[in-house]
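Dear colleague,

Please read them alongside the coordinates.

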Amino acid sequence: MARIKIAVHAHKKRRKIMKLAKGYWGAKSKQYRAASEQVRRSLRYAYIGRKLRKRDFRRLWITRINAAARINDMSYSTFINGLKRANVTINRKMLADMAVNDSAGFAELVSLAKKA
């Protein structure tokens, strides 16, 4: 039976890690062990960050809606409750965009929520 050498696969694996670690500071971009640890950590942070980004944007939208609603003499919670009672289905992203760019349209929604 012939002996199997793994040099090609080992180099491929190392090359892949070193390519991902390009641009890291110090030994993290030069030494394989430090680079592999940092790449593993970085990938974990990226995964967590993709989840956190969704929460952060929702918080930002809610803050903007609240600020615009308070300008129109209404709190965020009563505004959202009023929209639900008026059967207005518009998501927070669009509401926040309206609050920033279309204050007249947002004021109409506030009056609709007040009636409901």
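Phe79 is buried, its relative accessible area being 0% (buried means under 20%, exposed over 50% and partly exposed in between, with a 1.4 Å probe and protein chains only), and Phe106, at 1%, is likewise buried. This is a predicted model, in which local features need pLDDT of at least 70 and side-chain atom pairs count only at pLDDT 80 or more, while totals for chains, interfaces and linings use all residues. Residues are numbered from 1 along each chain as its sequence is written, and side-chain values use heavy atoms, without hydrogens and water.

The structure holds 2 aromatic pairs (rings of Phe, Tyr and Trp, the last by its six-membered ring, with centres within 6.5 Å; planes under 30 degrees apart are stacked, over 60 edge-to-face, and the rest tilted). In one of them Phe57 and Trp61 are tilted, at 6.0 Å centre to centre and 35° between the planes; these residues are 4 apart in helix α2, and are therefore separated by about one helical turn (helices are DSSP runs of H or I, at least four residues, numbered from the N terminus). Phe57 is partly exposed at 41% relative accessibility, as is Trp61 at 22%.

The rings of Phe79 and Phe106 have centres 5.1 Å apart and planes at 45°, so this pair is tilted too. Because Phe79 lies in helix α3 (residues 76-85) and Phe106 in helix α5 (residues 103-115), the pair ties together parts that are 27 residues apart in sequence.

Finally, Arg44 belongs to helix α2 (residues 32-71) and is partly exposed, with a relative accessible area of 49%.

Best regards

How values were computed:
Helix = DSSP H or I, 4+ residues; strand = E, 2+ residues; numbered from the N terminus.
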